Each structure stands twice: as structure tokens, then as C-alpha cells.
Amino acid sequence: MKILSSLNTFKLSILGLILLFSNLVDAQHPTEQWRPKVHFSPQKNWTNDPNGMIYFKGYYHLFFQHNPKGNEWGNMSWGHARSKDLLHWEELPVAIPNGKEYIFSGCVVWDKYHASGLGNPQKDLLIAIYTADYPYTREEQHLAFSNDDGLTWTKYEGNPVLNINYKDFRDPNIFWHEESKQFIMAVAKPFEYKISFYGSKNLIKWELLSEFGKQGDVGMIWECPSLQYLPIEGSTQKKWVLFVSSQGPYKDYVGMQYFIGDFDGKKFTNENDEDTKLYVDFGKDFYAAVPFSNAPKNQNVWLGWMLSWKYAKEQPTFPWKGQMSLARKLSLVESNQGLRLQQKFVPDFDRMAPSFEASNFVVKDSKFKQISGMKFLKDKTYAVDVKISGSKSHFSGLLIKGKANEQEWIKIGFDEKTMKWKIDRSHSGKIISDFFDGLQVAPAVDGMPKNFKVVIDRSTVELLAQNGTVAISALRFPLDIEENVYLISEGGNTQIQQIKIWELK
Ligand code: FRU
């Protein structure tokens with residue numbers, strides 16, 4: 001009897017454990033263990049693209065594609081959050097709700113001299129221009145304005161400000177072009193793989209200037225363009241770069257590409273071959289990034305949506321779905337292969353005191369080295385910076401392993417034999433879809449040092465390697481509660497010049 005009842009208690013506790021475990025991964029129960037701490041995600045419900053990003057009076061404003069009513073795409077409106085440091089975000093009420101029209105992606109600019117004549121002339125004026133999507137019918141560009149620094153918005157009575165009677169015509173991004181003294185809008189014709197440029201003096205009347213397209217990667221539709229004037233590292237020169245969300249480096253997966261060239265106030269010209277394909281990020285979870293307008297010191301800072309349309313529905317989080325990447329500062333750098341995009345995390349971790357630091361040591365072949373001083377990490381929000389001084393290994397980098405389940409791991413590092421950077425998430429916890437592939441690979445950029453920075457924030461993993469000329473952004477959904485960071489070397493030794501870790505509180 002006694003044996004039977006303890007057997008039953010045992011069974012019950014196993015059942016309890018199973019229930020607890022399935023609750024943990026059930027999409028209808030809160031999954032706070034996967035909510036990034038220093039990346040923006042809405043308190044509840046769906047988000048995709050970042051929108052209307054502007055720095056204004058001490059705040060970085062992030063509007064975002066949002067379904068205020070559910071944890072899936074729909075009722076598209078602009079949600080709103082702001083931050084002083086791009087790490088801590090404060091969510092505000094929905095900024096632009098949908099009506100008959102869905103409020104699709106777009107931008108916000110400061111109408112400094114009240115060129116539009118809208119609103120109260122005594123107060124600062126912000127102008128949002130976004131796509132009004134009438135499902136399956138038409139996409140037009142609409143305007144809304146704000147006289148209270150972006151908190152509340154009035155839809156302009158004279159909308160649309162731009163309509164060419166197209167079903168797909170979207171995602172306007174605008175900047176002030178000093179030389180031609182006008183605002184320039186880049187806007188996508190997705191199915192023609194074209195970006196149209198329009199000019200305006202007052203943000204209301206727009207005139208077609210030129211079109212660019214059908215170059216680079218045309219494997220999938222084009223969306224969310226931005227034209228930016230980027231500084232070239234180590235010189236006083238700048239170049240125009242056109243960014244487009246499209247197919248990325250993986251067939252049938254969305255991603256982002258860029259074209260480097262010139263812009264004369266009317267027309268963008270690609271200085272590379274039409275077939276040159278330059279990708280922003282070699283991970284599967286970085287899309288729709290656009291810059292902050294009016295950013296401090298005229299810098300080019302952006303962030304992207306950290307998820308993929310390929311499996312967005314399957315993201316197993318509740319009560320929110322979708323999150324943004326960390327903010328990154330953009331520039332160009334001369335490599336042995338020509339000019340390349342460089343992305344650096346904002347904030348600058350190097351200015352913060354690390355929780356752990358070690359230099360000049362060797363990680364032996366097929367061994368992994370626990371980074372001494374590193375305890376098991378419960379919170380899983382940290383940044384790691386590694387400088388490799390020499391390697392003969394086909395994998396030099398980090399192995400991040402669960403505590404209770406050592407079979408749960410993610411690998412991040414460099415393959416000296418094939419000259420490729422890799423993130424392997426094939427054993428990283430919950431595999432959410434057949435398309436949530438394990439290995440993500442980026443070719444090394446010739447002439448750049450073998451250093452890398454990784455920011456792990458619970459479910460987000462962002463790698464910026466070789467001074468930020470290589471990026472891989474990937475999600476993961478770990479099941480283990482604690483994990484630890486090891487250095488590994490496979491198929492040869494690796495010399496480490498320095499490693500630093502920052503635990504982000
Ligand atoms: C890109 C996108 C945009 C559109 C928005 C709709 O992810 O498809 O082209 O404006 O999302 O939510």
C-alpha cells in the first residue's frame with residue numbers, strides 16, 4: 001500500500017513537472033523568460049517593423065507596426081515607445097490607430113520651419129508620413145502631425161499626400177537634402193523591385209524625381225527603403241547608401257541588402273555592378289531596419305525588427321510577439337574587397353567596466369575552456385567581446401551551454417579553414433519551425449581583424465564581427481534556466497588576445 005501510494009505521489013510529481021514544463025513553452029502562458037531586457041518588445045501583442053524613428057528633445061522615439069488587439073499580425077497601427085539611452089524603453093499609448101486603412105510602415109521628420117503650415121505655428125511640429133493600406137485594394141502615402149513632441153497625432157484632412165493608384169506602393173522614408181533644399185522620400189514598389197524617389201519643399205506636395213531598381217537581389221519583393229549618407233571610416237568623405245529590405249543571403253528568407261553609390265538630389269546611381277549583392281546581416285532575424293532621423297551628432301543610427309516573416313507566427317512568446325534589434329551605428333569602411341557597411345552597437349560597451357576580463361592565452365584543440373570567474377548565468381543578458389590573435393581551428397569562439405541540460409547549446413565563432421563566421425542554433429532549445437534552421441554563415445571580410453562582439457539578451461543573439469563588417473542576428477528559445485559561456489577551439493589551437501564580458505543588469 002505504502003509503496004503504491006509513494007509510487008502515485010512520484011507519478012503525480014512527474015505529471016506536475018511535465019505540466020509545468022509544457023506551461024513554460026505553451027504559447028498562451030506568459031513566457032517572460034524569453035523577453036529581452038535591453039531590446040524593445042511591446043508589453044503585449046504583436047509587433048513587426050520599427051517605424052517613424054526620430055531623436056527629439058532627449059528621447060529616441062520608436063514607433064512600431066503593432067496590433068493593439070492581438071498577438072498576431074492585424075489591425076495595423078503605430079505603437080509608440082521612447083528611450084533616453086537605447087537600452088531602457090518606456091512604452092506609451094498607441095500613437096496612430098488604424099481606421100478603414102491599416103497604418104503601415106513610414107517615418108517621422110521634424111518640420112523645423114513649419115514648411116507644411118500644419119498645426120500650431122508656436123509649437124514644435126513633427127510630421128509622420130506612412131503608408132495607408134486599404135487591404136487588397138490600394139496603398140497611398142498619408143500624413144499625420146504632432147504638436148506635443150510625438151505623444152498625440154492628428155491625421156491630415158487632405159490625405160493622401162501621394163497616391164499613384166497602386167496596390168503595392170509603400171514604406172516612405174524621408175530626409176532633408178541640404179544641397180537641393182528639399183525633403184527626399186524613398187518609397188518602394190515591392191513587386192517591381194523598385195525604389196521611387198520623390199522631392200518636396202513642404203512635405204505635402206510630392207514630385208517624382210527618379211526610380212532605381214531591379215539590381216542586386218531580386219529574389220523576393222522590396223520593402224522599407226532608406227537612403228543614407230554614410231561617413232567612410234578614417235577619412236572625411238561620405239557616400240550615399242541605399243538600403244532595401246528584400247531577400248537576404250538565404251533563398252526564400254527575408255533579409256536586407258544595400259547599394260553604395262551617389263545621389264545628386266534626383267537620382268541614385270549604384271557604383272557597383274548591377275549583379276553585386278551586398279547583404280546587411282547574415283542572420284535570419286534582421287529586417288526592415290530604418291534610421292533615426294535627427295540623431296545626435298548627425299550620426300546614422302538604426303535598428304531592425306528581430307524576427308523573420310518565414311516563421312514569425314511561430315514565435316512561441318506570450319503576451320507579445322516580435323522584438324527589435326539593438327541600435328547600431330552605421331558607417332562604411334574600406335576593406336580589401338572594397339567598401340563595406342560597418343555596424344557598431346550603440347551603446348558602447350567598451351566604456352563600461354566588464355564583469356570579467358582575461359588576456360593572452362591559448363584555447364587548446366578540442367578543449368573548451370570555462371571562462372573562469374563566470375558563474376552560471378540565470379538572467380542570460382550579457383555582452384561578450386573576443387579578440388582572436390591566431391587560429392588554425394575550424395571553430396574558434398563561444399560555446400554557450402545549459403546547466404541542467406548540456407545538450408542545449410549555441411555556438412558562435414569563426415572557421416579559419418573556410419574563412420566563415422557562424423552561429424549554430426540547432427541545439428539552442430525550442431526549435432519553433434522547420435524553417436528555423438540551425439546554421440547561419442557569413443563570409444569573412446578580407447583585411448579586417450578577427451574580433452567579435454556578441455550581445456545575448458535571453459532570446460536574442462546578435463553577432464558583430466571584424467569591426468562590425470560582419471553581422472549575424474538570430475533568435476533562440478532556450479529551455480534551460482541557467483547557462484554558461486565557454487571558449488572553444490576545434491581542429492587546432494586558438495590564441496586569444498583578449499576576452500571581456502559584461503553582464504547587463
Ligand atoms: C515589412 C512590411 C512593410 C509594411 C509592413 C506591414 O515587414 O511588409 O512593407 O509596411 O510590413 O505590417
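1. The charged end of Lys-403 sits over the ring of Phe-376, at 5.1 Å from its centre; a charge counts as sitting over a ring if NZ of Lys or CZ of Arg is within 6 Å of the ring centre and within 35 degrees of the ring normal. Arg-425 likewise lies over the face of Phe-436, 3.6 Å from the ring centre.

2. The model is predicted, so that local features need pLDDT of at least 70 and side-chain atom pairs count only at pLDDT 80 or more, whereas totals for chains, interfaces and linings use all residues. Residues are numbered from 1 along each chain as its sequence is written, and side-chain values use heavy atoms, with hydrogens and water left out.

3. Searching the whole structure gives 37 aromatic pairs, where rings of Phe, Tyr and Trp (its six-membered ring) pair if their centres lie within 6.5 Å, with planes under 30 degrees apart counted as stacked, over 60 as edge-to-face and the rest as tilted. Trp-73 and Tyr-102 are edge-to-face because their planes stand at 65°, with the ring centres 5.7 Å apart.

4. This pair links distant parts of the chain, 29 residues apart: Trp-73 belongs to the loop between strand 2 (59–67) and strand 3 (77–83), and Tyr-102 to strand 5 (residues 102–110). Strands (E, at least two residues) are DSSP runs, numbered from the N terminus.

5. Trp-73 is partly exposed, at a relative accessible area of 38%, while Tyr-102 is buried at 17%; buried means under 20%, exposed over 50%, and partly exposed in between (1.4 Å probe, protein chains only).

6. Phe-212 and Phe-259 also pair edge-to-face, at 5.0 Å centre to centre and 70° between the planes, and both residues are buried.

Terms used. Helices (H or I, at least four residues) and strands (E, at least two) are DSSP runs, numbered from the N terminus.
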